[in-house]
Amino acid sequence: MFYHIKELQYPSKPDRPDPLFAKQLQEVLGGQFGEISVAMQYLFQGFNVRMEGKYKDLLMDVGTEELAHVEMLATMIARLLDNAPVGDLEEACKNPVLGAIIGGMNPQHAIVSGLGAMPADSVGNRWTADYIIASGNLLADFRANLNSESQGRLQVARLYEITSDRGVKDMLSFLIARDTMHQNMWLAAIEELEQKEGVVVPSTFPRELEKQQVAYDFYNFSQGDASAEGRWAYGPSMDGCSEFRYIQNPPAYGDIPILNPAPPYTFDTNFQIPPSIC
């Protein structure tokens, strides 16, 4: 059960209208790494946890917080669109500054959403559940969550540098700080799970069923051998089960593939079948 509290988690009040920045802000609302994505990702991971306890609570807690961030961004976008001139562009362009703003505005903000936020990114692509991951394997999912928070914080930081609006910067500063916490949170959860399960996902797949001979080889498929300097090329493997091996010239384990001819009804090129020429 969810309960909506009318107050925002943090103020979302810009100093002035800015339709162009409202368009840009849509990215961290409805883009691939936006707040809608992380909210749905964490909540569906939480819904699908098949045991009670701290991991389910963690997902439900942070997923619900992300819904609060969706509301904050939607409010900020609507306020950035308040009093935005959306009329005759030719008339507006008599004022060069106003013309530049109007020229960059997302027309759907005026035509489709009635000067409100949309579940879409900064170029109008609608939000899609294809953006989210909920696999049922917590270690795999938490690593995906860490990536989402990393990309999201990066994008919010870039938006922070784009705007000079003090009210917008203040809200973005709050979101950046929460992303700092969320990255640390997922790192802590990942470390805890790795201590329990190991670092390779899934940990329950029988090791005897994988080709152990190649499980720790690094293949050099580039000119030179700069990759040999990496930690992944030598020493104990990260799971502690073997040693990394650097393979300078990776072998081809298979033969040259030879496929049987396709059947005549496919009309593939086949020199064994004489052509039908008039």
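## Close-up views of a predicted model

**Figure 1. The cis proline.** Pro 202 sits in the loop between α9 and β1 (217–219). Helices (H or I, at least four residues) and strands (E, at least two) are DSSP runs, numbered from the N terminus. The peptide bond from Val 201 to Pro 202 is cis, with omega near -10°. Most peptide bonds are trans, and most residues other than glycine have a negative phi. This is a predicted model: local features need pLDDT of at least 70, side-chain atom pairs count only at pLDDT 80 or more, and totals for chains, interfaces and linings use all residues. Residues are numbered from 1 along each chain as its sequence is written, and side-chain values use heavy atoms, with hydrogens and water left out.

**Figure 2. The whole protein.** The protein has 9 helices and 2 strands. Along the sequence they follow the pattern α-α-α-α-α-α-α-α-α-β-β. The radius of gyration is 26 Å, well over the 19 Å that the globule rule gives for 278 residues, so the protein is more spread out than a compact globule. That radius is taken over C-alpha atoms, and the globule rule is 2.2 Å times the number of residues to the power 0.38. The C-alpha trace spans about 70 × 70 × 45 Å along its principal axes. Of the 278 residues, 34% count as buried. Buried means under 20% relative accessible area, exposed over 50%, and partly exposed in between (1.4 Å probe, protein chains only).

**Figure 3. Two residues with positive phi.** Leu 115 has a positive phi of about 65° although it is not a glycine. Leu 115 lies in the loop between α7 (107–111) and α8. With 28% relative accessibility, Leu 115 is partly exposed. Phe 267 has a positive phi of about 60°, and it is not a glycine either. Phe 267 belongs to the segment after β2 (245–247). Its relative accessible area is 74%, so Phe 267 is exposed.

**Figure 4. A stacked aromatic pair.** The count comes to 9 aromatic pairs. Rings of Phe, Tyr and Trp (its six-membered ring) pair if their centres lie within 6.5 Å; planes under 30 degrees apart count as stacked, over 60 as edge-to-face and the rest as tilted. Tyr 10 and Phe 174 are stacked, because their ring centres are 4.5 Å apart and their planes are at 10°. This pair links distant parts of the chain, 164 residues apart: Tyr 10 in the segment before α1 (19–25) and Phe 174 in helix α9 (residues 166–197). Tyr 10 is partly exposed at 23% relative accessibility. Phe 174 is buried at 19%.

Figure 5. The ring centres of Tyr 55 and Phe 142 are 6.1 Å apart and their planes are at 55°, so the pair is tilted. Tyr 55 lies in helix α4 (residues 54–81) and Phe 142 in helix α8, so the pair ties together parts that are 87 residues apart in sequence. Tyr 55 is buried at 10% relative accessibility. Phe 142 is buried at 0%. Tyr 42, Tyr 55, Phe 142 and Trp 186 form one aromatic cluster.

**Figure 6. A lysine over a ring.** Lys 169 lies over the face of Tyr 160, at 3.7 Å from the ring centre. A charge sits over a ring if NZ of Lys or CZ of Arg is within 6 Å of the ring centre and within 35 degrees of the ring normal.

**Figure 7. The cavity.** The whole structure holds 1 cavity of 30 Å³ or more. On a 1 Å grid over the protein atoms alone, a cavity is a set of points where a 1.4 Å probe fits but cannot get out, and a pocket is an open set with protein on both sides within 12 Å along at least five of seven lines; lining residues have an atom within 4 Å of a point. The largest cavity has about 80 Å³ of space. Its lining includes Val 28, Phe 33, Glu 66, Ser 148 and Asp 179. Helices α3 (35–47) and α8 (138–162) are the elements that give two or more residues to this lining. The largest share, 4 residues, comes from α8.

**Figure 8. The largest pocket.** The largest pocket has a volume of about 270 Å³. A volume is the space filled by probe spheres set on the points, and grid points are joined across faces, edges and corners. Among the lining residues are Phe 2, Tyr 3, His 4, Thr 64 and Glu 71.
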